[in-house]
Amino acid sequence: MAPKPLLDIFKTHIDDRSAVFVFPSAVPAHFWLRQLCEMYRKPLALERFIAWDEFKEHCLSLYEPDQKPANSLSRMLFASHILEENAQDARAGSPLFKELLPPEHASDYAPFISHVGQILPSLQTIIERTGTQTFTSDSPSHDPYFMDLRSLYHRYRDFLVSHGLYEPDWVRSPFSSQGKTWVLLFPDLADDWVAYAPELSQAPSVHIYTVQDIQIDESPGGAAAVPVQEPLLKMLNRRLLQFSSVREEIRYVANLLAYLVHNKLLGVVDIALSIPDLEHYGEALLLECRLRSLPMSIRQGKAITDQSGGRLFSHLQDCYQSRWSYRALKNLLTDRALPWKDMKLIEQFLSFGLTYRCLSGYEISGRVVDVWEETFTRLLEQKLGTPYALINLKQFYRQLKRDIVDIVTAKSFETLQDKLMYFAGNHFDRSRMSEETDRVYARAIEELGRLIETEKYLADCSTGRAFPLLLTHLKNTTYVHQSEDQGIAVYPYRVAAGIAPKLHIIMNATQEAISVLVDPAPFLREDRKRSLDISSIDRSESFITAYGIGPVTIFTAPERGFTGYAIPHQGLTAQKSTIPPLEDRYKMEETRINLEKAAPFSIQYEAWKRSQRAQRPYSTAQDIRKAPINMEDLRESLYTRLTTKKDPHHISPTDINRFITCPFQWLLTQGLGIAEPQLEIETIGQKDIGILYHAILEAFFNQLQAEPGKRIHSNELEHYKALMQTLIRQKLDERRSGEGAFQESVYEMLFERIQEHLFAYLETEIPNLNSCAVLGPEYPLRRKYPELGIYLAGKADLILMNNNGNLIILDFKTGKAPQKRELWPDAEGLVSNFQIAAYIRMAEDQLSTSVSHAAFYSIEERKTTKVIDPEGPTNRSPLPVVRTGYEPVIIKLDETLAVMVEYLKTGRYPVVEPANRSICASCAVKAVCRINFSGGDKE
């Protein structure tokens, strides 16, 4: 049969009211219904334009008045029932399945329900191919996997018979025309066309037009009556355009669409896009089109559980399975698509969870601990001061938990429906639910209603696990949001094959992306497929041809995709291809330039115009990252805020270190108190451990200072260890008393870690401190600079005095101590860390004696970094030095403090120089500063 124009085919049958047009899917069926209604200016019956699956149901399915066809719901219930039986058999030592579901996973079968349900329709074909002979070593049936499938087949067949069901893919009636004429368009795009082609080809009432039987209609009055004369479309029509990257491909397509739409060459309803891997392309394409004021309508369905309103069911399961973890509850309660009744109470509840570290429930000694309940109980019993209304929070949590438990443990779908209704009534204000969320939620409840009816019909297959089955079903149920807004239609690849809009662009036309392989048994390994002579069918060429039936079709492909380099599909580049090869590069570049010179797109143009109407252009004179603050009251206010600790006019060594790192960062963090919000629970971090170490060491040296003589004696090491052990217990108990229940086990685990490190410190350092007097831990130091009107003030972790009357200064670090190069002038004479220098300056002035030793000690690295030591430098390192050798750093400290005060008084808080911007990567306030996004450093 010679190819015919598609419109001629329609014209032949359109007036025959018994003629029904059958398409591979609903998308082309609905497309051509609309097109023909407009073309012939008369109404056409909706039931005359149907999809392939609906045609099979009408004409090829077995009809028995006393039987029902099996569907996805009945298959799921059977799969759940048989897997529950297998789990019970596995516990008894004789599982039904050996390889289909490994015995060690038999009890945790929920993730396999969907997989087993999808296998069921293909079982009869597999069993027939394995043969009915007895098991032999050379037979496929000897394979344990096929033995499992045979057992599954017999159990499923018995299930169908006993419940009056039949599997549509197992039995079908001979074709029945039902008195109608059936026009099959592109049937070879259907996955199972091969199985039906021989029979349907012989039926006189069936007219078959495969992809090869249909040609493009280029007649003046045909479907090609569109502005193909537009030079740009004429040049690009039936071309494959290649781009260096996905980003370039998307921007080119967006520019092309904007050019055509904004110049009124095409309307948005005249254009369609088909994109494989739409999940990755969709967001970037939407962004580029929004920037150009192009409305888009992405026609891609998502699982109900992936959409607002449907996510609720996954949240509920996560809360239950994670033992009411903070993260799961936060994800549920902060889902803004859900109209929670009391958001203020929810915010307090989550803040409480962060404060008292209610990370997750846990099991100890066979007892499951609810961390929220335990924390509420502890705080209420101990009557500790807390800003939270504990009774209200406890009642809210108990109600929420009880409602979720009732849902997740419901034994029947009918009970589950009631519990979901109670949950919504207790916690939601449905009047505030968005229309989109309400539609998805309503669809989920509708699917639950279908499960209720199926469960009633198959009552003996209930496993008493209603919620996991509902969740499995919702994850496999696709919902497409129906938007009333018009826009350029965007489809996943394959779905829209057979439509003919005025412009159809197929993006990402790479070998991997638009290859269409029909696999009759995707659940079988390749070697098993070969043993049964099952092979995949390549439909790629047919789909490429079907996409080319429209007036203007353009294929685009990136040379580098999201996962690496890619090549165009061979069906587009081979000599036999109906798509001409890539146009010359200079024409592509010429086209790109023409598009970029097109009329401005509204959003970009309006943004540019607004910038031109701005009152004043950007100036560094108004940017305090680069220029002084010119408002006196603001300068003084910031000066007061930054120099007032307990008393005014005080600067600490930490202030100096932060200032020389980046003055603007210091202003934001210390002056304005900007910090990243805490969104996740940290059971115990380095800061918390550091506070614990310092508290323990402070208590330890205070105890030594209270003993007779106030001196350290190396021969009392065991006494010191016993004292240290007692203090560790004491400080851990003090910290634990103000924490939530989860921290019980955390602090218990910390004891061994802290004790080990502090014992190591005693063993290493006490001999070096023999006979030294303890002046005090957390020793307050202060030195006045009259000429600057400022005090340098801070607390040294520990100050001792040796027998010669010289001072020993120690600073404890939990992790890494400062490196020696930070404590000594670099090639430009700059010092990065003045902490020890500041302690020396204050201590010598305040205690009227010199420092002979100064060092950092890293507790967990068990390492001493000496800064001042009478023995002087070793191993060619600048440090340690004798006290007089450190005088250049002390002088540099005074100079830096003077510069710092000058900056404070003149309101200068600049960001670091461009050469030192590497520190911005780890800056906690870079999202506020944004210096790297400010347009450079030009004046």
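Biologist: Which residue of β3 does Val-22 stand opposite?

Modeller: Val-22 faces Ile-50 in β3. This is a predicted model: local features need pLDDT of at least 70, side-chain atom pairs count only at pLDDT 80 or more, and totals for chains, interfaces and linings use all residues. Residues are numbered from 1 along each chain as its sequence is written, and side-chain values use heavy atoms, leaving out hydrogens and water.

Biologist: How many bridges join β2 to β3?

Modeller: Strands here are DSSP runs (E, at least two residues; helices are H or I, at least four), numbered from the N terminus. Two strands pair given at least two DSSP bridges. Strand β2 (residues 19-23) and β3 run parallel, joined by three bridges.

Biologist: What is the strand order of the open sheet?

Modeller: The four strands run β3-β2-β6-β7, with parallel pairing. β3 (49-51) and β7 (206-209) are the edges; each has a single partner strand, so one side of each lacks a neighbour in the sheet. Between neighbouring strands the average turn is 25 degrees, direction ignored.

Biologist: Which strands does helix α3 touch?

Modeller: Contact means heavy atoms within 4.5 Å. Angles (0 to 180 degrees) compare N-to-C directions of axes fitted to C-alpha atoms, for helices over the stretch in contact. Helix α3 (residues 52-59) packs on the sheet and touches β2, β3 and β6 (181-185), at about 95 degrees to β3. Helix α8 (residues 193-201) lies across β6 and β7, at about 130 degrees to β7.

Biologist: At what angle do α16 and α17 pack?

Modeller: About 160 degrees, for α16 (residues 390-408) against α17 (residues 413-427), with axes 8 Å apart. Contact residues include Leu-400 and Ile-404 of α16, and Leu-420 and Phe-423 of α17.
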